[in-house]
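Please keep the sequence and the structure in view while reading.

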Amino acid sequence: MIPLNQNLSTLKRSAIRVYTNLARQTPGCAMLTIGEPDFDTPEAIKAAAMAALNANQTHYAPNQGTPALRQAVAAFETARGNATTADQVLITIGACHALFTALLGILNPGEEIIVPTPGFGLYETIATIAGAKTVALDVTKTGFQIERSALNAAITPKTKAVILNSPCNPTGVVFRRESLSAVKEAVLGKPIFVICDNVYNQLSYGAACPDLSLDGELKEQLILCQSFSKPYAMTGWRIGYLTCPDYVMDRLLLLSAAEITAVPTFLQDAAVTALETDPAPMREVYAKRRDYVCGRLREMGLSFPEPEGAFYVFPNIAEFGMDSATFCTRMIREGKVAAVPGSCFGADGYIRLSYCYSDEELKTGLDRMEAFLRALRKVKS
C-alpha cells in the first residue's frame, strides 16, 4: 500500500451519519438525528434558480462570486451591523467550505484553535487536516457559557483562533454578552482570529442574538462563516459565504479558487432572492417544536441547557451509567428511536436530539424514548 497524507489517518466518519445510517438499517426506527430543515425551499428562491437557468446562467462565475450576490451579501451584513463591502465577501459551497477555507487559510502545522465544547465536530476535522490542534474549552460546567479565566488559561503562544457558534450546535445555546466580552478581551490586538460560525444566527428565538461579528473593534481579526442552508431550507443547494478583512481575502480567495474554482452561477442568482426572504415563519415553527420537545423531556426527568436557537436540544443521560454511544445504540435497537451521542460533540454523558421533524414524527420519537427510559430506570431500581 502507498502511504497517504498522515493527517488523514485519525479522521473518522461523522457520528451523525453513522447513527442516522444505523437507524435507517433498523426497521421502523424513528429518527431525531439530522439537523436539516424539513421545509422545502421557498418557491421564490426556486423560481429565481429556474429563471437563471433559462437565461443560460450556466457558465463559470467569478472565483469570488457574482458581483450581484457579493453586493447583496454585503448589504445584508451591513444592515445587521457587520459593515462589509462586496470585496470582503467570498461565496462558498456552503458553510462547511467556508470553514475549510478559513481554517486552512490561517492555520500552520502545530498551531491551535479553541473550541467551546460541546461543539461541531467539523472544526477538529479541519484542524487535523491542517496539521493543527483543537483545544476544547469545556463549558458544560459553566452553564454552557464561556468563563473568562478558563478561556485565558486555554490561550497559549500557539493559539491562532477562537471559534464561536451561536446559537450552538448541538445545544441550541446562545452565548451571552459576558461570554463574548471574555473572548474579545482575550484576543483583541493579539495575533488571534475570531471565527464566527453563524449558520444558526437567523434561527435565534429571542431578541437579536449577541454576535461578535458586529464588533467593529475586532474587524481586522474576524472571519464570518455563513450558510443559506439552515435559515432558507437550502441544504441541498450547497451555498454559503464568508466575510473577512481585505488582507485575509487576498489569500483565501486564491485558496478557494484552487479548491472549487467557483460556485455554480445560477445558484448565486437564487441566493440573492434568498437574502430577500424572511425566515421568520420557519423560525416560529421551530420555536413551537422546541417548546413541545423540551416539555416532554422535562416530563421524562431529563435536564438540558435551554435551547434559544437552532433546532437541537442536548439532554443529560449520565444517570443511566453508560457512555453516550452505548446509550444511543441501545435506544435505536431497543427503543426504535435515534439520537446522536454527545461524544460526537466532545461531551459524553449527553445526547443530541434534532426537532427538524414533523409534529407527528416528534411525538412518535419522544413516546418511544420515554418508554425506553422507563425500561432503563425499572432495571436500575
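In this predicted model, β3 and β5 (159–165) each contribute at least two residues to the lining of the largest cavity. The share of β5 is the greatest, at three residues.

**Cavities**
- A search of the whole structure identifies four cavities of 30 Å³ or more.
- The largest cavity has a volume of about 90 Å³, and 16 residues line it.
- Nearest the centre of the largest cavity lie Pro116, Pro118, Asn165, Cys168 and Phe175.
- The lining of the largest cavity comprises 12 nonpolar and four polar residues, with no charged residues.
- The second largest cavity holds about 70 Å³ of space, and its lining includes Leu164, Asn165, Cys196 and Asp211.
- Six nonpolar, four polar and one charged residues make up the lining of the second largest cavity.

**Largest pocket**
- The largest pocket contains about 1,500 Å³ of space and is lined by 48 residues.
- Ser14, Ile16, Phe120, Gly121 and Leu122 are the lining residues nearest the centre of this pocket.
- Among the elements that each supply at least two lining residues are α1 (15–24), α4 (94–106) and β4 (133–138), while α5 gives the most, with five.
- The lining of the largest pocket has 21 nonpolar, 16 polar and 11 charged residues.

**Second largest pocket**
- The volume of the second largest pocket is about 230 Å³.
- Its lining has 13 residues, with Arg80, Asn201, Gln202, Ala208 and Cys209 nearest the centre.
- Five of these lining residues are nonpolar, five are polar and three are charged.

Note on methods. Residues are numbered from 1 along each chain as its sequence is written. This is a predicted model: local features need pLDDT of at least 70, side-chain atom pairs count only at pLDDT 80 or more; totals for chains, interfaces and linings use all residues. Side-chain values use heavy atoms; hydrogens and water are left out. On a 1 Å grid over the protein atoms alone, a cavity is a set of points where a 1.4 Å probe fits but cannot get out, and a pocket is an open set with protein on both sides within 12 Å along at least five of seven lines; lining residues have an atom within 4 Å of a point. Grid points are joined across faces, edges and corners, and a volume is the space filled by probe spheres set on the points. Helices (H or I, at least four residues) and strands (E, at least two) are DSSP runs, numbered from the N terminus. Ala, Val, Leu, Ile, Met, Phe, Trp, Tyr, Cys and Pro count as nonpolar, Asp, Glu, Lys and Arg as charged, and the others, Gly among them, as polar.
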